[in-house]
Amino acid sequence: MKQKELAIKSLGPCRIKSPLKTRAESIKLFHFVEDSEQVIFDVVRTNHKENGKRDKLLTMEMAGPREKIFFDPSKTTVAIVTCGGLCPGINDVVRSLVMAFWYRYGVRKILGVQYGYQGFIPEHAHPFIELTPKIVSDIHQFGGTILGSSRGEQDVEAIVDCLERHGINILYTIGGDGTLHGANEIHREIEKRGLKIGIAGIPKTIDNDINHIEKSFGFETSFTIASPIIRDAHMEARGAYNGVAIVKLMGRDSGFIAANAALSMPEVNLVLVPEIEFDLHGKRGLLEVVRQRLGAKHHCVIVVAEGAGQRHFEGKRDSKDASGNVLHHDIGIFLKKEISNYLNEVGMDSSVKYIDPSYIIRSAPANPSDSIFCNKLGLHGAHAGMAGKTNFVVGRRNNKFVHLPVELVIAKRKKIDVRSDLWLNVLETTGQPVSMKNETEGDLYRKSMKDVKE
Ligand code: F6P
């Protein structure tokens, strides 16, 4: 990566004294961040040298209030849109943005766009909601989004027409990969028209698959909700001789929820994630691993991410959701059937239970840790937006809040690196085989690691 790929675009020079500066003058406690204050991108350095030279240290722009801002608060209109699937903490972010704009900056026009990008399109006729502290004061206590959401692309020119018509100066898009792709397109159209409208992204996904940021909000709440479900699944498995409990958790293409939920409840014996293939049959295949586990301990808990094992459905028709994501086949039901049949065939009396908490793990309100995180994301988002930053996301990396370019975080989705501490922890905690593939273990494992890395 090059340093310039981490550069944040700006709408222009900041010439207006921030209202925060006026408040801070009396107390001198406030730390205003300069754009030159940077956070190191990779905290761990190896001695790797390319062409005899050490790699250059890459740095990111630090988030925080700026002393001078780009927009005049008394004449600023802000809009907030929430898109994609639900995620704990959306309302916390909306609340935090509204409170920061209203009380910290004195902005009085904050529009809530209803039902995702549809809310900009006249044909859908979803009116804007005027957001005030009174309207948002207790919304963080509820899951979901008070603005409503939707999936799918909308006409970008029509969206920018709408921004112009309503004199919107900064648009906050709260959403995952698809939403941020949309934000990037909106930004391009804005640039094409030579407009001074800021586009800000607050990454939202329980899957935690946004690249380069430590975690997305809502992820922690989701695996925390999954944790007691696994605890109880373990009881179901233990309650029967040769009991198997399979818990399927969300995670379309990345297995972070499954891996973290399993680590939080270390009774889990097998974790299956989209990043790592497994065979069903054969000496090293999953079915034989389950049989051996039952032979030794007479119960087995399996946590499977919804996107795992999809190659076992090859030949079956794929369909897509409105965002263009491939809808996965139900790996949980499939495993229940395959495991029950196999144990029957080998003459092992067993009881296989399948638990699918489905949407329950994402529609709840944020837990306290996510609430704090969401609050900070909203505050930092407001500071950056007022300072005229554009086409950026706010995220945390190396324990610091930073701005990252939208283009950089959408270039690729984050996946579990099988060489990471996280996956090593899963292997060590569960004791599951490093590979459940039949071909020569080393070769295949190395190959699958390479695929995941590339
Ligand atoms: O992207 C988050 C997520 O919850 C995924 O884990 C899941 O596959 C998907 O959304 C389901 O979303 P929906 O059914 O709302 O389209």
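Biologist: Is Gly-315 buried or exposed?
Modeller: Burial is judged by relative accessible area: under 20% is buried, over 50% is exposed, and anything in between is partly exposed (1.4 Å probe, protein chains only). Gly-315 has a relative accessible area of 84%, so Gly-315 is exposed. Gly-315 belongs to the loop between E15 and strand E16 (319-320). Strands here are DSSP runs of E with at least two residues, helices are runs of H or I with at least four, and both are numbered from the N terminus.

Biologist: What should I know about the model and its numbering?
Modeller: This is a predicted model, in which local features need pLDDT of at least 70 and side-chain atom pairs count only at pLDDT 80 or more, while totals for chains, interfaces and linings use all residues. Residues are numbered from 1 along each chain as its sequence is written, and side-chain values use heavy atoms, with hydrogens and water left out.

Biologist: Is Val-406 buried or exposed?
Modeller: Val-406 is buried, because its relative accessibility is 0%. Val-406 lies in helix H11, which covers residues 406-410. Val-406 and Gly-201 are separated by 205 residues in sequence, yet their C-alpha atoms are 7.4 Å apart.

Biologist: How do I read a sheet, and what is the strand order in the open sheet of four strands?
Modeller: Strands of a sheet pair through backbone hydrogen bonds, in either a parallel or an antiparallel way. Two strands count as paired if DSSP finds at least two bridges between them. The open sheet of four strands runs E14-E15-E13-E18, with parallel pairing. Strand E14 (270-272) and strand E18 (351-355) are its edge strands, each pairing on one side only. From one strand to the next, the twist averages 15 degrees; the axes are lines fitted to C-alpha atoms, for helices over the stretch in contact, and angles run from 0 to 180 degrees between N-to-C directions. Within this sheet, E13 (residues 243-249) and E15 (residues 299-305) pair in the parallel sense over seven bridges, and Val-244 is opposite Cys-300 in E15.

Biologist: Which strands stand at the edges of the open sheet of nine strands?
Modeller: That sheet has the order E3-E6-E21-E20-E12-E11-E8-E9-E10 and mixed pairing. Strand E3 (38-40) and E10 stand at the edges with a single partner strand each, so one side of each has no neighbour in the sheet. Further in, E12 (residues 198-203) pairs with E20 in the parallel sense over two bridges, and Ala-200 has Phe-392 in E20 as its bridge partner.

Biologist: Which residues surround the ligand?
Modeller: A residue counts as near a molecule if one of its heavy atoms lies within 4 Å of it. The ligand is surrounded by Arg-151, Ile-206, Asp-207, Met-250, Gly-251, Arg-252, Glu-306, Tyr-359 and Arg-362. By class, three of these are nonpolar, one is polar and five are charged; Ala, Val, Leu, Ile, Met, Phe, Trp, Tyr, Cys and Pro count as nonpolar, Asp, Glu, Lys and Arg as charged, and the others, Gly among them, as polar.

Biologist: How far is Arg-362 from an oxygen atom of the ligand?
Modeller: A side-chain N or O atom of Arg-362 lies 2.7 Å from a ligand oxygen. For Arg-151, the distance from a side-chain N or O atom to a ligand oxygen is 2.8 Å. The protein covers 81% of the 410 Å² of accessible area that the ligand has on its own, with areas from the Shrake-Rupley method and a 1.4 Å probe; for residues, only the protein chains shown count as cover.

Technical notes. A polar contact is a pair of N or O atoms within 3.5 Å; within protein, one must be able to donate a hydrogen and the other to accept it, and residues adjacent in sequence count only if both atoms are side-chain atoms.
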